[in-house]
Amino acid sequence: MPPLKPPYFTAIFSSQRTQTTRCEEASISYEEMADRMARLAEESDGFLGMESYRDADGRGVTISYWRTLDAIRKWGQDPRHLEAQSTGQKIWYEQYSLRIARVESETVWQRDKV
């Protein structure tokens, strides 16, 4: 992801997945829903980017970057996102946390290519 110009905001979503990836209660798999939510975020006003990581034990972190705090609030209240949140609580997550932060500075370093 390219460097962003501060200030901007982050929504940091840390989670522990259940062992369930598809069941009768969920019409789609976790991966399908995650893809839908990523596309929905990309279409949202104020969205700047996203990074996501998950380990083999189901622990994961998704960090989304936003121009304003209001943009994060609107994203969190989108009816399609609310539906995904509800399904996640019922099926896909053992636990999760959401942290919102304002980024005041950013330092980027990259090794020169030889």
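Two strands are taken as paired if DSSP finds at least two bridges between them. By this criterion, the predicted model contains an open sheet of 4 strands in the order E2-E3-E1-E4, with antiparallel pairing. Strands E2 and E4 stand at the edges, each with a single partner strand, so one side of each lacks a neighbour in the sheet. Direction ignored, neighbouring strands of the sheet are turned by 15° against each other on average.

Strands of a sheet pair through backbone hydrogen bonds, either parallel or antiparallel. E1 and E3 are paired in the antiparallel sense over 8 bridges. Thr10 has Tyr65 in E3 as its bridge partner. On the peptide bond from Pro6 to Pro7, omega is near 0° and the bond is cis; Pro7 is placed in the segment before E1.

E2 and E3 also run antiparallel and are joined by 7 bridges. The bridge partner of Ser52 in E3 is Thr62, and Met50 stands opposite Ser64 in E3. The hairpin of E2 and E3 has 4 residues between the strands, and Gly58 in this hairpin takes a positive phi near 90°.

Two packed helices are described by the angle between their axes and the distance between the axes. For H1 and H3, the axes come within 11 Å and cross at roughly 155°. Because angles over 145 degrees count as roughly antiparallel, H1 is roughly antiparallel to H3. The crossing of these two helices, H1 and H3, is left-handed.

Rolling a probe the size of a water molecule over the atoms shows where empty space is left. The largest pocket holds about 810 Å³ of space. Its lining comprises 30 residues, and those closest to the pocket centre are Phe13, Thr62, Trp75, His81 and Tyr93. Two or more lining residues come from each of strand E1 (8–17), helix H1 (30–42), strand E2 (47–54), strand E3 (59–66), helix H2 (69–77), helix H3 (79–92) and strand E4 (93–103). The most is given by H1, with 7 residues. By residue class, the lining of the largest pocket divides into 18 nonpolar, 9 polar and 3 charged residues. Thr62, one of the residues closest to the centre of this pocket, is also the bridge partner of Ser52.

Terms used: Residues are numbered from 1 along each chain as its sequence is written. This is a predicted model: local features need pLDDT of at least 70, side-chain atom pairs count only at pLDDT 80 or more; totals for chains, interfaces and linings use all residues. Side-chain values use heavy atoms; hydrogens and water are left out. On a 1 Å grid over the protein atoms alone, a cavity is a set of points where a 1.4 Å probe fits but cannot get out, and a pocket is an open set with protein on both sides within 12 Å along at least five of seven lines; lining residues have an atom within 4 Å of a point. Grid points are joined across faces, edges and corners, and a volume is the space filled by probe spheres set on the points. Ala, Val, Leu, Ile, Met, Phe, Trp, Tyr, Cys and Pro count as nonpolar, Asp, Glu, Lys and Arg as charged, and the others, Gly among them, as polar. Axes are lines fitted to C-alpha atoms, for helices over the stretch in contact, and angles run from 0 to 180 degrees between N-to-C directions. Angles under 35 degrees count as roughly parallel, over 145 as roughly antiparallel, 65 to 115 as roughly perpendicular and the rest as oblique. A crossing is left-handed if the near helix is turned anticlockwise from the far one by less than a right angle, and right-handed if clockwise.
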